[in-house]
Amino acid sequence: MSTLIKDVKSKDGKVLITKEVMKYVQLGSQCMERILIVVNTISKTTVMSDQKSAPGTATTPIYRPPTSPASDPDTNKPGCRFSAPVPPIQDSPDRTMFQRTKSLGPLDLAYKRNQLLMAAYKARQAKLNARNAFDLSLTLQRKMAENLAIAKLQEEALSKKMKERQQRLDDLANQKFGSSNKETKEIYKQVLNYEQDAEWLQNMRKELEENPSDPSVISKVMQAVLCCKDHPLTEKLKAYQYKIYERIYPLVSDKMEESKKVTVPLDKSFWPSKPKVKDKLAEEKWDENSDDHPEEDKGIMEAGEVTLREDKSEISLSELSSEKSKSLEEISADVKEDLEKAMDMGDKLQHKLEESNEKTLKMAQRVSLDVESYHAENMDDLFDDEDEEKEDDEDDEKSIGNQDVTVPKERAGSSEELKLSGRALRSDSSQSLEDPEQINKLKMEAYKRHLKGISEDVHCYLDKLQEMFICAYEQLGSPEGRDCCYSQLEEPFFKPIWQYLLALYRFGNKSLEIQLAHVMTVHMNGSPADLGVKAKLRLQSHDQNVNDIPYKPAIEELRSISSQVTLLGKLESLVKSSRLICRCVEEHYNTIGENAPAIGADDLLPILSYVIVRTGLPQIVSECSILEEFIHEGYIMGEEGYCLTSVQTALKYLETLSNNLLASDEE
Amino acid sequence: MSSAKRPNGRASGPPVGGARNGPEGKSKQIKLVLLGESGVGKSSIALRFVRGEFNENGEATIGAAYLTKTINVQNSTAIKFDIWDTAGQERYHSLAPMYYRGAPAAVVVYDITSQTSFSRAQAWVKELTQQANSQIVIALVGNKADMASEGRVIPTEDGKEFASNNGLMFTEVSAKTGMNVDDVFTNLAAKIAAQSSPESNSTTVRPTNVERTEKGGCAC
């Protein structure tokens, strides 16, 4: 090829452009074309092999950063947390994923063959003179044309076959699911299609058909499916997982550090406030500041508050659909302008806010009513009564206004509506007081709503995935199959997002965790007696040389809950810990040669409380609430459910203990 | 997705409710919750039922708080009881609903030698009828019937009356001697089995149960 070009170049200018030369040029250009195709093919295959060579670490295309400016308006806001894109989930490298190798189509093969021919041609041409080279090039051309023609025929035959296959699958899906559910049919088709090229999956399907209720076969099939990185079901799982992750990450990315501060021993500055304010949010340092030094700390406080509040409004903004990509600035300017006159918020308003967030439509209607009545009554006062010094409150108002306003907007979609609700807010704010605690409370409530929404989504996605597996493998539809299916889905689904989910729950449970950490700190070296364990179960060793604390194995087992990565593993820790409590009693009485007492719940709970305290892990609260939320119903009924319930009961008791401790401190 | 037609036609979602049906008509899993003041002998009753033995110091077991036992009732249905013991101490009361949530059966225990335990049992019954699953079958059980001659405080009639006023099953038992203990559970199982089988309805079942309770009181 290069020789040819050189030839042309060297003759250029000197030699007349004869027919022959024209032919050379033509041939050259044809060759270039072919080479281009070949190069494309090569680059394609190298990309493919790249993916293959890095199993487990390569993130799939769906893990792209989610923020494109058009679809996510929040990225446009300067200084907002969304400016940093959500980083991809760290895929756990221990799970070996692999991709099915795709066989090349006939055309691809033909290109490859032609490429080889070309190489051979080049080598031979180098040895020959021009005349022979020309003949050779003609031969080559013919051969390549032939190859391509054959390949084309093959390709056509294949595509016909594929079409037939598609049709067959279509028919199969139709036959199976009627014409009612497109999504179901689609996934079923995709799965079957995938299986056509993976014989081992077909074999597994056969095995499952032969042993429809054998849990080990079911697990095997599911594991096989979930190991195929590009299996349609696995891709669905990843997509859902990513959706959850995408929602959680912005909420927790800046709070993970914060939660880590809740440890034992708990720093005094984090101690919960006095029982009388126990319903208010205890953890906010800002509150303390504002109580102690209203003036000089106000600036700092405000700054902090503002960022926090911005977070909050961003959170709610993030919920909005992409339709509202039109200027956010403009909207908030509108709102701000309106709200500049607003001063304080009352309980009434707070109530309204909650309501509006939950029942958006209803609110929208009410808002217009409110506005009307307001206009009728005291429109004038509104713009006159403005107080400069209240500017501090603006931001509070603004963020809450924003939060509130954005929700109706999602439905109403007009800035007119925004203004209306902004005014409605003000109309309610007549007889209220400025209260950062209330704002925190609201913030917390917003957060809890997110938590609830995300939890619901997780449930929903898990159900969907289960349904998909069932429609792909109908044998999983039996009750045993469902149970098995769910438990198999759980690990791959939760594992990569666990730390984020935990952070979300930890933040939601923060005040509870602080109470628990407080009790843990106070009783850090406590004995079973401190938590009301009966004398005969305190297991005090008569042997002074033994330094082991009572119930040590149970404490260690419970501590391991945080290192377990699956829900079932965590549940197992709880069960084992409870069992170990009983075994400790048994062994203790064996060593002193007496009959051990039976341990009913009356005895178990105080011991459990003691064991929990000695673990020094306040995050147990959150671990347990995640377990309660997501563990399969089937487990809740059994021993696992019993242990979880008992641990939660003990936790609840410990939380109340915190208040009692503070109350007695005061006296 | 829940509307998706599937060949087996089963409703979507994981199995729900206290009574998990296995393959049709073969066995049933029943969550049974034990309630009552601390020290009335809830776990002793459960142990007696499950293991059939009792001695004053008790015996070392792993998890006397959570026990299971399968029994057969007349129409050859196997009923597997998951017995959840609860802590009687008031300080653990706040999460009691978690224990009785979804339980189709409850045994409320009091000590016939203790007035407070009887009041507490009445409070439990009230709470259950208000808050638990409306289908819940409750058995009121007076324990320590073996001590009736020395220390009875609650007359059998009081228990019986309270039970019939509230539609409960009633038995006096002794976990120590084993008296009537099995009856409590077999009667519960029979009632639940009858309740869920379509041909019989609960109104015809109740009178037999009330009659059954007669023999509880006079055994000592």
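Predicted model: local features only at pLDDT ≥ 70, side-chain atom pairs only at ≥ 80, totals over all residues.
**Notebook: chain B and its cores**

I counted eight helices and seven strands in chain B, taking helices (H or I, at least four residues) and strands (E, at least two) as DSSP runs numbered from the N terminus. Residues are numbered from 1 along each chain as written, chains are lettered from A in the order written, and side-chain values use heavy atoms without hydrogens or water.

I looked up burial next. Of the 220 residues of chain B, 51% are buried (under 20% relative accessible area, 1.4 Å probe, protein chains only).

I then turned to strand 6 (residues 137-143) of chain B. All seven of its seven residues are buried, so the strand is largely enclosed by the rest of the structure. One side carries Val137(B), Ala139(B), Val141(B) and Asn143(B), the other Ile138(B), Leu140(B) and Gly142(B).

I checked its partners (pairing requires at least two DSSP bridges). Strand 5 (residues 105-111) of chain B runs parallel to strand 6 over seven bridges, with Tyr110(B) opposite Gly142(B). Strand 7 (residues 169-172) of chain B is also parallel to strand 6, over four bridges, and Ala139(B) faces Met169(B) there.

Finally, I examined the nonpolar cores (buried Ala, Val, Leu, Ile, Met, Phe, Trp, Tyr and Cys joined through side-chain atoms within 4.5 Å). The largest has 137 residues, and Leu140(B) is among those with the most contacts inside it. Helix 17 (residues 436-472) of chain A gives the most to this core, with 13 residues. Another core, apart from it, has 33 residues, including Met169(B).

Notes. Buried < 20%, exposed > 50% of the residue type's maximum accessible area, 1.4 Å probe, protein only.
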